[in-house]
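Please consider the following note alongside the sequence and the model.

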Amino acid sequence: ASAGPLPMLPALRVDGGREFIIKVPGVSHTPLADSDVAALMNWLLAGMAQPSTPPNTPPYTAAEVTRLRSERMVDIPGTRKEIVERLERAGYTQVR
């Protein structure tokens with residue numbers, strides 16, 4: 001059984017995905033305060049991404065964003081590849 005088309009924020013559906021969303025350069029390097037990044041991500045989860053957000057997904061907190069932004073990804077393409085492979089193994093289509 002296929003999981004189907006790619007959801008809005010598919011990375012939330014696999015291990016490491018929640019962290020990946022915050023660690024990508026566009027998010028981790030933004031001049032926004034950690035509390036603002038958390039608020040923005042939670043707005044996305046509750047709005048545009050709500051239909052595809054897994055049930056019981058906890059909101060991001062400023063403390064979580066602070067921790068994740070302090071842990072830089074060393075290999076962004078490699079990490080993205082791992083997330084994509086996890087999504088494919090979970091049956092999601094259109095991930096490449």
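1. Where pLDDT is low, the predicted coordinates should not be read in detail.

2. This is a predicted model, in which local features need pLDDT of at least 70 and side-chain atom pairs count only at pLDDT 80 or more, while totals for chains, interfaces and linings use all residues. Residues are numbered from 1 along each chain as its sequence is written, and side-chain values use heavy atoms, with hydrogens and water left out.

3. The protein chain has a mean pLDDT of 85, and 86% of its residues reach 70 or more. Helices are DSSP runs of H or I with at least four residues, numbered from the N terminus. Confidence is lowest in helix α5 (residues 76-89), with a mean of 90, and highest in α4, at 97.

4. Which residue forms a salt bridge with R18? The partner is E64, with the closest N and O atoms 2.7 Å apart; a salt bridge is a side-chain nitrogen of Lys or Arg within 4 Å of a carboxyl oxygen of Asp or Glu. R18 lies in helix α1 (residues 17-23) and E64 in helix α4, so the pair ties together parts that are 46 residues apart in sequence. The whole structure holds six salt bridges.

5. The charged end of R18 also sits over the ring of Y60, 4.0 Å from its centre. This label requires CZ of Arg or NZ of Lys within 6 Å of the ring centre and within 35 degrees of the ring normal.

6. K23 is in helix α1 as well. Beyond residues up to four places away in sequence, K23 touches S28, L68, E71 and M73. K23 and V65 are 42 residues apart in sequence, yet 8.9 Å apart in space, C-alpha to C-alpha.

Methods. pLDDT is the predictor's confidence in each residue, from 0 to 100. Helices (H or I, at least four residues) and strands (E, at least two) are DSSP runs, numbered from the N terminus. Contact means heavy atoms within 4.5 Å.
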